[in-house]
Structure formats: C-alpha cells, structure tokens
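Here is a walk through one protein model, from charged pairs to the overall fold. Please keep the structure open as you read.

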Amino acid sequence: MTKRQQWDVIIVGGGHNGLTCAAYLAQAGKAVLVLERRPVIGGAAVTETFHPGFRNSLASYTVSLLNPKVVKDLKLDERGLNIIARPVGNFMPLDSQRYLMTGATLAQTQREFARLNPQDAEALPGYYAWLEHGASLLRDLLLQTPPNSGGGLLDLWRAGRLANAMRKLAPDAQQAVLDLFTRSAAEVLDSWFDDPHIKALFGFDAVVGNFASPFEAGSAYVLLHHVFGEVNGEQGAWGHAMGGMGAISDAIAAAATAAGATIRCNAAVASIDTQDNKITGVTLADGQQISADIVAANTTPKHLLLDLLDEHQIEPQVRRRIASTRYGSGTFRMNVALDRLPQFSCKPTPGEHLSAGIIIAPTLDYMERAYIDARCDGWSQAPIVEMLIPSTLDDSLAPAGKHVASLFCQHVQPVLSDGRQWSTYRDEVAALMINTVDQMAPGFADSVLGYRALTPHDLESVLGLTGGDIFHGALTLSQLYSARPTLGLADYRMPVRNLFLCGAG
C-alpha cells in the first residue's frame, strides 16, 4: 500500500481503458493511482480459470478494436503481447449438409459464396469497398475528441473538421456513411446480396452485444462498429491474444507501472469527493480517503454520474438524461471446458473452421425471432450463438488434448420481466445454449466437462457493466459521438471540474 497522500490523478477502475489512460498520464509525468474493485486488473478483458485446468477470457473474448497507436505508443509487443489473426473469418453451419465461411482472402470468400449464389460472390468486392467508406471515417475519428453540442470555439472547430472530412468524400461515400449510421443492417444487406445466408453471415455483426433486431434502424452502425478494427495491420481482421484477453490488460498495466503509475486491487471506490464543484479525491468502500487533483473514471457513465457523485453535483436535467440512456446488450456469456473438439455435421473433420468465429444464426429472420422471443419471454428458445475455440490457437488455455470454447449468446432480456431473477435461470439458459450448438455439432453437449455462465446480471455485478452492456451504453444514434454519453458531455469532461470519463461510454 502506497504512502503517498496526494495524487495528480486517480483512475477509478482498472479495465483496459483505465489502464491505458493511466499509462499515458504516467508517461507524461503525472503521479497516477489506479483503483480496481476486483482482486485482478483488466475489467472485462481478463483471463481467469473457470474449471480446474481450464482458463479463458472471462468476458471480452476476441481482438480487433485495440488501436494500433496504443500498441505502438505503449510498446505492448515488447511487453509480451502476442496477437495472432484467425486463419479464416467466420464459419456458419446452415444444416447437416451445408455451411458458409469467409476465407482468409477475398478470393477464398468469393469461392465460398459462389457455391450458394454466384451473383453475390461478384458483388462482394463492391460491398467491402462500400463498407470501407464508413470504416475509414471512423478510424480517423477514433483519435479525435468529439465536438460538444452548444460548446465553445474549440467545439465549433472540431465540428467544422468533421464537416470538412465529410465534404471531401465523394457522393457515393457520403451516401454510404449516411446509410451506415441511419439504416438497418437488413436494408443495407438487401441492397447488396440476395442469398439469405450470406446476408446473415454479415448481419450477425449488427446484433453482437446489441439487444435489437437486424431490421431495426441504426443496426447498420453496429455492423460497421465490428469491422473497422484491425489485427497486425490487417484491416477488418479479428484475432486471439495469446494467453487470453488478460494478456492485453497485463501488457498495458506493465506500461503504466514502468512509467511510474501505481495500481491497487481490492480497492472499491464508494464515492468521488468534491468541494466547491471541484474534485478533491475519492473515498473507498472501507472508508479510506485519497486525495487527488483529477479523477478519471473507467466506469459506465450511469454508474459515475448517478452512483459515485452526490446528486447535488449534477444538474437535474443532466441526471434525467443519463438515467434515461439505454443500456443492455442482451448478452449471455459462457466459457466451456471440452474433452474434445466439436464435430459439425456439415463439416465433421478438423480444420481451420474450428479456429473461426462459429456462428449459429442462419438468417436475418432467425435473428429477429430471437430478439422478439427474448423481449416477450426472457430469452429465445432458438438463440444466436457465436462460438470460438481459442485453444485451437493457444494450447496454454487447456490440458493437452482438451479445449475451451467461448460462447457469446444473444438474445436475452437484460433484466428479466415479471420479477424473475437471473440466478434462478442461469443454468437452464446455459443448457439451452449448449444444446443449440449440439444441434449443429452432435455430441457437443456430451463433451462438456464444465462451464461458467455470466448472465446480464452477472456481467453487471461482477464486472460493473451496467445492465450487462458490453459497450457501457447502447450504440444507438442517440448515444453516439457528440451524443455520447449525452449531449454536452462528449469531450470526456464531466459536470464537475477535473472529473473525466475514460471508459467505453
């Protein structure tokens, strides 16, 4: 325990975003203290043992959106981080005979698509180029502070810079950006492809962590959100961090501590302290008070502004807007220990498809039914499941000959209706998810040695994700860019002087 009494900056929450903030501030010469509620750092990007001999990424489970500038600036490669790209993209079993897969190259994917629809295969390069219009704009915006609605001259300049970037785009590119930010994923995909399974293979990205139908306006942006990243310089690729997602957090933490930051675990923050509308520090759950000039919160905006601050510090209208923001990914997350690799009826022999993102959701209509059923009943009896088997790439995660599977499942109600509690239904829904995979890979259920399941309530109580929302707030048009987390708070500066937001919200 450090003896320092006064810090330049306290970071509330030791998730990967908070650790990144700490590393940059420490490199700039600030005295930085990171306070993490859990006994381990990393937040949702952490590797834990979930069954004897088996470990895996607890929540976040695959890599693409780790900004290459962060990797370079913090020298994460030199600190042990090793990310390898998937050998193929996604694998979608359709029935006992057919499947669809995206390959490692455009030509490979076109050959796969041509088996179902030659015209769709020909359309693929145009779709990728069209999608890149939105992706390239987003990459440019990632490292810029959004303009605040009603802000000053600096915000006007930021808004003008964005408008100028849009003005320079060709008309087709401008239309692509507009469509991707406003239309449904189904509308967008209908304009490019005919085959329902090809649409589903791309449309799955629109419902990942998004409690919505792919036919809902704005879902095209969520699709875009999942394709503008990169792995090892390859844009749009997804990869695996060797050792699990905790390896990312560990490498960032190493950069922070090397620069002089201090990290404390088992240090839950009960309140953020102020005087005369200015930050003075924090009070821990055990009553200890720690002074600081600045506090940066790697929490959800709702938790920060409604729970950690005295209500008198926030204007009533701001509190109302924050209280009404949408949270809830509709996600059920599982780690599963396996005594053998699954065998899919449509492709039973081992191969690269087992290292892909394995998607069980054959059509957009299937995805919409899953959403509607979950809204009505609590969860869908025919859920959407993405399964990764990271042990095919990383043998450190399981005993020899055994494997681990990550199941990322949609859709479930973030908060169950009719007063039901998720703790009562956790194992029932977990069995449903396992059986959903078993329908495409007979024997999968029998190969399960154990599992850990995280309901939306677990994601909130264990990891602090309000409503179980993996994005710290839904990615709706009303909660993006200058409206994130709400209008007037887009530049990371919160209503209290020297209080900042540094998380995904």
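Arg 139 is buried, at 17% relative accessible area (buried means under 20%, exposed over 50%, partly exposed in between, with a 1.4 Å probe and protein chains only). Its salt-bridge partner is Glu 132, at 2.6 Å from N to O. A salt bridge here is a side-chain nitrogen of Lys or Arg within 4 Å of a carboxyl oxygen of Asp or Glu. Glu 132 is partly exposed, at 29%. Shared partners also link Arg 38, Glu 48 and Arg 452 into one salt-bridge network.

This is a predicted model: local features need pLDDT of at least 70, side-chain atom pairs count only at pLDDT 80 or more, and totals for chains, interfaces and linings use all residues. Residues are numbered from 1 along each chain as its sequence is written, and side-chain values use heavy atoms, leaving out hydrogens and water.

Now look at helix H2, residues 68-73. Lys 69 and Asp 73 both lie there, four residues apart, about one turn of the helix. Their side chains form a salt bridge at 3.0 Å, N to O. Lys 69 is partly exposed at 43%. Asp 73 is partly exposed at 26%. The whole structure holds 12 salt bridges.

Next, step back to the chain. It has 15 helices and 20 strands (DSSP runs, numbered from the N terminus: helices are H or I with at least four residues, strands are E with at least two). Of its 505 residues, 55% count as buried. The C-alpha trace spans about 70 × 55 × 50 Å along its principal axes.
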